[in-house]
Amino acid sequence: MQNNPNTTLITSEAPVAANTHGGRAKCLQRLVRLDLPVPRTVALSFDAVHQISDGQVPDISAILDQFDQTALVCVRPSSEDPDWGGPGAILNIGMNDARYVDLSDSMGVEAAAALYLRFVQSFAVHVARLDPDVFDEIEADGREGLQESLRAYEDETDEAFPQDRGEQLIAVLRSMARAWDGTSARLLRQAKGAPADAGLGLVIQEMIPGVGQGECGSGVLQLIDPTTGLPQITGRYLSQSQGRDALGEGVAALYLEKDPRGASLEDVAPEAFAELKAHAALMRIKLREEMQVEFVIENGHVHILDGVRVQRSARAAMRIAVRLAEDGIIPPQEAVMRVDPHSLNELLHRQVHPDARRDTLTTGIAASPGAATGKIVFTSAEAQASAARGEPCILVRRETSPEDVRGMHAAVAVLTEKGGMTSHAAVIGRGLGLPCIVGASEMRFQTKKRQLTAPDGRVFKTGDTLTIDGSSGQVLAGKPTMLEAALDDCFQTLMGWADEERDIAIRANADTPADAQTARNFMAQGIGLCRTEHMFFDPGRLIVMREMIFAQTSSGRAAVLERLLPMQRDDFVQLFRIMEGQPVCIRLFDPPLHEFLPTTRGGQRELAEALDLPVSDVERRVAAMTEYNPMLGLRGVRLGVTVPEIYDMQARAIFEATLEASKDGAPVVPEVMIPLVSAKREVELVKARIDSVAASVAAERGQEFEYRLGVMVETPRACLRADEIAPQTAFLSFGTNDLTQMTYGLSRDDAGRFMSAYVRQGVFVEDPFHVLDPDGVGELLKLGAERGRQAQPDVTLSVCGEHGGNPESIAICRDLGFDYVSCSPFRVPVARLAAAQLAISSRLGG
């Protein structure tokens, strides 16, 4: 058999590999090499198992010759990746009437009967494919239960239970091989990421009974808590048991360490417990991983049946990787590579505890991670009132608008009926670190009645408690147990290692001083996008904006905006001071002006009173400013060209704030960004006015200052004409939210209604608003970058859309030679880690 690579006794030198015999076989070989007490084991390769499935039986005699003639064996699956699963293990193969008699003498009748009974019922259900109901009426165990089970088997199959060990083994191998090739099993493992042609290996291992005289039993042990990753011996042990019986529900398992709550393995078998701990510690060092040890104790002696990678939460995975590196077991670079950047979202926010019971009402689009519980409210005013009372609330809206920003600040989470990954609620939610679910269209939103109706008919009204799980997209009834964020020393250590490796800068999108502080806390290297329009929705500023909109002349608009100037200046001073000399890129006013006008008759009446105008004048002005497609209408640079007073005021506020903030520390060099550009002449017109404002401020203050002027590239034409635009600017920042929208001709606010169907049916590989489209939008980025740098080699290139925090999208930006990416503050750590992994992989040639 040693000359047959398909059927191999596992020894230190045997030709066993994970990609030919599976992960379990390879792990057992590693344990053998560590001289751990592993029972004798034979490994069947993927090819051997495939041949068994096709009806070609291996040399069973040669396999059984590797074991003592009286030994019982078990068969376990060995897929390439343990997460892909496989058929259940079959224990006690070789048990028959004769062995039952022999074992009754050596270990006792009840113990022998338990072994035989387990095998009979397992063989009947999994190999002979009998209905488990056959054994439902058998209440007896031990010898009586065994006899009844053997009779039931014979009655159902019209043949006696097989007595030959070789015949039993052939039947088990054939059954497990064919189960792996079944349609259900194939679909299940493909859902876990396995390729369609993934192979299965099998391991045939000598049974250590776990029942009998002296202290016998089975269990599992690991050295860490799988939820937190903190050092803690966890697991279970059950006397007189086999396999993973100790993990069954309702069993009287023992604790492992001494525990005041009850008996432990350390109490009943202290030497075995100490030996197990030593084995687990050795496995951790030599296998460079936290392992769960599956063991059996036979009359006080320890046997290691298997070692598997500990299942773990995201926070545990991070802590495990960092501790392994700190202990010198793996290098820091490997620790960085072991943590999935996407999983950091679980560390940065509260989460529903993995073990919590979930009363799920519906599932929407998980737009902003984290979880929060609160009483539902249906308006921003209610949210602010709730916050004032100190009551956590969930803001429920059909969709949010800029007017809801203050309500979102007051709420602990947001739920909307409409929207996608880059809708208003999603973008602002991620910026605030606020759990958010959008596109929950299966629920009925009746905002006028102040009620929600779940798909199962349950109705929730103002004040009822819901939980929003923005990581999974689940809307939950009630208040499940939560797990707090984990921004501890391990997190900071990992981020420090990541920063040492990455070769692309990470900035944050930040609109308020609070956002900027969060960005600083997460070690962002500046602000890559400050959206100034959000600053105007404060009630005190909103009325001034509305006055400006109603002004009839340029001088009238300028006079009104003069009142906003000190407010804007103070905003920018705060941002500059928080960022302490780091770059701050301020996008000039972008949205259409109609967003600042009330849409309801009541709101219009209030505005008429505030401005001392007839209601009819207000109604006519609102109607006159209505656009059929406002996102492609009078907004961005088009406002700067046609209503230049707004940009003049903002530029003055930026430059005066620059001089003010520079008094306290390093000189501030602001970056001024013009949005929605599509033509060189637009840039020339706006640049001339901004340069003029800068000269005026410098002359008035008697002090020179530097600033950088750039363009937000959001239109396909700007990408195509980047060679004309770049010479006018210091930087080109690609706004991939709008660029994706315009490239696809797809509304990001409405795409959520059909996006899941498109992805499911393969129209799109991923939601292009979530993961940057490499073929279409990516091609435009490539053209824009190449043409921009050809015309101006020193131009700074960046991405400031939501894609900036997506690891797959960062890879595209890095390959194109971009200088930095900018994303929501709470996604900065994700981007830092992803960028580091890309740099490490690049150096390793991966």
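In which loop does Ser 343 lie? In this predicted model, Ser 343 is placed in the loop between helix H13 (332-338) and helix H14 (344-348). With a relative accessibility of 16%, Ser 343 counts as buried, because the cut-off for that class is under 20%. Its side chain reaches the backbone oxygen of Asp 340 at 2.6 Å.

Leaving aside residues up to four places away in sequence, Leu 31 touches Leu 36, Val 38, Met 283, Leu 287, Ile 304, Asp 306 and Gly 307. Glu 144, by contrast, is 113 residues from Leu 31 in sequence, and the two C-alpha atoms are 40 Å apart in space.

The aromatic residues come next. A pair of aromatic rings is described by the distance of the centres and the angle of the planes. Counting rings whose centres lie within 6.5 Å, the model holds 19 aromatic pairs. In one of these, the ring centres of Phe 119 and Phe 161 are 5.5 Å apart and the planes stand at 90°, so the pair is edge-to-face, a class that requires an angle over 60 degrees. Because Phe 119 belongs to helix H6 (residues 109-126) while Phe 161 sits in the loop between helix H7 (142-157) and helix H8 (165-180), this pair ties together parts that are 42 residues apart in sequence.

At 1.5 Å a residue, the 16 residues of H8 should span 22 Å, and the end C-alpha atoms are 23 Å apart, which agrees. The buried residues of H8 include Arg 165, Gly 166, Leu 169, Val 172, Leu 173, Met 176 and Trp 180.

Trp 180 also takes part in a contact of another kind, for Arg 189 lies over the face of its ring, at 3.9 Å from the ring centre. Elsewhere, the charged end of Arg 507 sits over the ring of Tyr 820, 3.9 Å from its centre.

How values were computed
Residues are numbered from 1 along each chain as its sequence is written. This is a predicted model: local features need pLDDT of at least 70, side-chain atom pairs count only at pLDDT 80 or more; totals for chains, interfaces and linings use all residues. Side-chain values use heavy atoms; hydrogens and water are left out. Rings of Phe, Tyr and Trp (its six-membered ring) pair if their centres lie within 6.5 Å; planes under 30 degrees apart count as stacked, over 60 as edge-to-face and the rest as tilted. Helices (H or I, at least four residues) and strands (E, at least two) are DSSP runs, numbered from the N terminus. A charge sits over a ring if NZ of Lys or CZ of Arg is within 6 Å of the ring centre and within 35 degrees of the ring normal. The expected span of a helix is 1.5 Å times one less than its number of residues. Buried means under 20% relative accessible area, exposed over 50%, partly exposed in between (1.4 Å probe, protein chains only). Contact means heavy atoms within 4.5 Å. A polar contact is a pair of N or O atoms within 3.5 Å; within protein, one must be able to donate a hydrogen and the other to accept it, and residues adjacent in sequence count only if both atoms are side-chain atoms.
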